[in-house]
Amino acid sequence: MRDNSLNEVTFIQKLTYKLERVTYAVNNFLHKVSSIILFLLMFLTTADVVGRYFFNKPITGTYELTGLALATIIFFSLGTAQIKKDHIEIDFLTNMMPEKVQAALSALTSFVLFFLMVLTSWQLLEYTKRIMQGNELSGDLGLPLYIFVGLTIFGAISFTLTYLVDTLQSILKVVKT
């Protein structure tokens, strides 16, 4: 009986490790893409300000592109922020609890957040379908909005995977301690 449970933990450890590697690679790639978008956005904004101030000719659609780019940047960076634990966390009560209880609470909260992000990703997909069928376009430039909402799905899924990895890692801590 003991050997069987060791094999199960080993399987979960292997699964967690593989999922962690894939999740980290995807989030790292998306974060690099978001950095490039932010860099390009900086040039667009600078050119718009220079054009508006010196030539009285702003770039049409800058405000619109900024909003769409920011949505993409945020969703593409959420997973990396979760991996680095850069999100705000209030843990002054849980820090006083035993390590096993902390790991169990972490597993529970990570699983709940994983489930909520699955629902969010699903709803983003449904929303993308609706705006694609409705052929919704942006105001100034007439860009198809489903492309930008569709891009956020990739960020949401990668963020979802980070919570799955966190859940599995916390479960392994509970089993270990």
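View 1. Beyond its neighbours within four places in sequence, Ser34 touches Ile73, Phe76 and Ser77, where contact means heavy atoms within 4.5 Å. Ser34 sits in helix α1 (residues 2–55); helices here are DSSP runs of H or I with at least four residues, numbered from the N terminus. With a relative accessibility of 2%, Ser34 is buried; buried means under 20% relative accessible area, exposed over 50%, and partly exposed in between (1.4 Å probe, protein chains only). A note for all views: this is a predicted model, with local features needing pLDDT of at least 70 and side-chain atom pairs counting only at pLDDT 80 or more, while totals for chains, interfaces and linings use all residues. Residues are numbered from 1 along each chain as its sequence is written, and side-chain values use heavy atoms, leaving out hydrogens and water.

**View 2. The largest nonpolar core.** Twelve residues build this core, among them Leu68, Phe114, Met117 and Tyr163; such a core is a set of buried Ala, Val, Leu, Ile, Met, Phe, Trp, Tyr and Cys residues joined through side-chain atoms within 4.5 Å. Helices α3 (99–133) and α4 (145–176) are the elements that each give two or more residues, and α4 provides the largest share, 7 residues. Sequence neighbours within four places aside, Met117 meets Ala156, Phe159, Thr160 and Tyr163.

View 3. Look for Phe114 as the buried residue, at 18% relative accessible area, and for Phe111 as partly exposed, at 45%.
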